Amino acid sequence: MALEEAGVDTPSRGPPGVRGDPPADLLHRRGEDEQEARAAGLGRDPGEVVPEEPEAERVVDDDTGAGDGEEGAHLVSCQHGRKRPLRVGNSVTAVQTPAGVDRIEAHRPEAPPHGEVCGERALPGERGPAEKEERRLHTRRGSTLAFSAEVSSLLPSRPLGRTGLTVGALGLGAGRIGGPETSDADVDRLLGAALDRGVTLIDTARSYGASEERLGRALEGRRQSVVLSTKLGYGVEGVPDWTGPAVEAGVDGALQRLRTDVIDVVHLHSCPREVLERGEVVDALLRTVLAGKVRVAAYSGEDQALDWAVRSGAFGVVQCSVSLVDQGVLSGPVPLAAVHGIGVLAKRPLGNAPWRFAQRPEASDVAEAWDRFAALRLDPGGLSWESLAARFSAYATGVTTILLGTASADHLASAVRAVAEGPLPVAMLSAIHDAYARAGRDWAGRI
């Protein structure tokens with residue numbers, strides 16, 4: 001049975017971004033990181049002079065804890081593994097240096113840092129000894145919070161950039177569970193199968209129908225087993241899309257639908273570059289991190305907006321399209337994200353599985369993938385196309401996790417087995433890259 005992928009991701013809302021570098025008023029890293037990137041063949045053209053940047057400040061307004069008599073959250077910036085506190089009062093000031101800020105963390109004094117409970121590793125979502133004990137008590141199949149080593153060891157685990165989260169090399173894209181053809185029982189079975197196989201990251205979005213609501217119900221009793229990711233910035237009744245209020249209200253709505261008090265990763269979903277540059281939505285997302293509602297601020301998108309997001313330093317995770325038919329990001333934003341310590345989620349890793357069709361399909365997104373696949377003229381070398389595609393994307397340099405969009409436990413299991421086989425042979429990988437350099441060098445990223 002062929003692996004099929006949802007290919008569900010909403011297009012950018014608004015006109016495409018404009019060219020130009022990110023403004024100096026947004027936290028970002030350059031300097032030595034770009035030197036490392038250039039040494040690896042990435043980033044700016046050889047010989048291009050990058051001017052030194054003076055220190056600058058960006059103020060993110062924050063009222064959390066102000067005036068209520070309680071000690072509020074405090075921010076810590078992490079630069080090359082060194083933590084440095086930032087001033088917190090009625091506002092939060094982050095100082096940009098040539099080395100930049102890798103990520104922003106919000107810590108509250110009443111709880112231990114995420115990932116540590118009483119000196120032991122905690123599962124994603126665990127916030128204290130009580131939840132750690134709850135994990136120990138849940139041992140039933142389908143709602144277990146501790147995975148069988150024999151099963152979960154099939155799937156490699158990887159750090160999600162410098163966020164402190166650890167995820168499997170394959171995650172579940174939840175776009176296909178939002179339609180009327182899927183029941184709560186279907187989602188419960190799919191989630192149980194995912195957890196049994198070490199699939200610990202689940203990615204959904206505001207635009208995926210009933211996906212968030214169904215996940216919220218299915219995750220009751222096993223929220224601590226997963227790294228939960230969603231995407232937003234639009235679709236809030238009575239609030240204009242791509243505004244600060246839309247982002248903050250979007251987070252509150254997602255928390256309710258997902259039935260959780262914190263979401264691990266929240267993306268600005270295909271937000272246009274010019275909107276990112278204005279800073280309002282970025283500031284709003286960072287405020288939700290400060291408020292303890294979100295662990296990691298993230299961006300999902302392609303092309304110039306993705307490049308800007310990676311260089312901005314505002315995001316700990318990015319999500320973009322990576323597949324046999326969409327390799328452009330592998331020579332720029334994705335490996336550069338790895339240099340910056342940013343986790344990368346690869347959506348649509350099978351590229352809509354165009355090999356399923358003997359003739360050009362009618363759906364425009366699948367037709368585009370079909371055209372590209374035909375132009376590449378690849379040789380699978382005895383592998384199934386599904387296995388070749390999954391392994392290509394999962395082991396691409398800089399990719400942390402591929403997101404398989406499916407509602408089928410069988411499809412998910414097949415993908416896990418494929419990724420567990422490891423990277424593709426070097427000769428096959430070189431042939432794939434050469435084919436793309438020949439036929440696809442001008443192809444844009446697939447939204």
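D252 counts as partly exposed, at 31% relative accessibility (partly exposed runs between the two cut-offs: buried is under 20% relative accessible area and exposed is over 50%, with a 1.4 Å probe and protein chains only). This is a predicted model, where local features need pLDDT of at least 70, side-chain atom pairs count only at pLDDT 80 or more, and totals for chains, interfaces and linings use all residues. Residues are numbered from 1 along each chain as its sequence is written, and side-chain values use heavy atoms, with hydrogens and water left out. D252 meets K293 side chain to side chain in a salt bridge, 2.8 Å from N to O.

**Salt bridges**

- Side chains of opposite charge can pair when their charged atoms come close.
- The rule here asks for a side-chain nitrogen of Lys or Arg within 4 Å of a carboxyl oxygen of Asp or Glu, and by that rule the count comes to 19 salt bridges.
- Back to K293 and D252, whose side chains make one of these bridges: the pair links distant parts of the chain, with K293 in the loop between helix 8 (280–290) and strand 14 (294–300) and D252 in helix 6 (residues 244–258), 41 residues apart.
- Helices (H or I, at least four residues) and strands (E, at least two) are DSSP runs, numbered from the N terminus.
- K293 is partly exposed too, with 28% relative accessibility.
- R214 and D184 also bridge through their side chains, at 3.9 Å from N to O. That pair links distant parts of the chain, since R214 is in helix 5 (residues 211–218) and D184 in helix 4 (residues 184–196), 30 residues apart.
- R214 counts as buried at 11% relative accessibility, while D184 is partly exposed with a relative accessible area of 35%.
- D326 and R372 form a salt bridge of 3.9 Å, N to O. D326 lies in the loop between strand 15 (317–321) and helix 10 (333–339) and R372 in helix 11, so this pair ties together parts that are 46 residues apart in sequence.
- Both D326 and R372 are buried, and salt bridges with shared partners join D326, E368, R372 and R446 into one network.

**Aromatic rings**

- Rings of Phe, Tyr and Trp (for Trp, its six-membered ring) pair if their centres lie within 6.5 Å; planes under 30 degrees apart count as stacked, over 60 as edge-to-face, and the rest as tilted.
- Searching the whole structure turns up 6 aromatic pairs. One of them is W355 with W385: the ring centres are 6.2 Å apart and the planes at 20°, so the pair is stacked.
- W355 sits in the loop between strand 16 (343–347) and helix 11 (364–376), and W385 in helix 12 (residues 385–394), so the pair ties together parts that are 30 residues apart in sequence.
- Y436 and W443 make an edge-to-face pair, at 5.3 Å centre to centre and 90° between the planes.
- Y436 is buried at a relative accessible area of 6%, whereas W443 is partly exposed at 22%.
- R158 has its charged end over the ring of Y395, 5.1 Å from the ring centre (the cut-offs are NZ of Lys or CZ of Arg within 6 Å of the ring centre and within 35 degrees of the ring normal).

**Nonpolar cores**

- A nonpolar core is a set of buried Ala, Val, Leu, Ile, Met, Phe, Trp, Tyr and Cys residues joined through side-chain atoms within 4.5 Å.
- The largest one has 90 residues, and those with the most contacts inside it are L170, L268, L276, Y299, F315 and V322.
- A second, separate core has 11 residues, including V167, L201, V265 and V317.
- Leaving aside neighbours within four places in sequence, L170 is in contact (heavy atoms within 4.5 Å) with L155, V199, T401, I402, L404, L412, A415, V416 and V419.

**The whole protein**

- The protein has 14 helices and 17 strands, and buried residues make up 57% of its 447 residues.
- Among contacts between residues at least 6 apart in sequence, 76% join residues at least 24 apart.
- The accessible surface comes to about 18400 Å², with 51% of it belonging to carbon and sulfur atoms (Shrake-Rupley method, 1.4 Å probe; for residues, only the protein chains shown count as cover).

**One more residue**

- D283 is found in helix 8 and is buried, with a relative accessible area of 15%.
- D283 and A314 are 31 residues apart in sequence and 9.1 Å apart in space, C-alpha to C-alpha.
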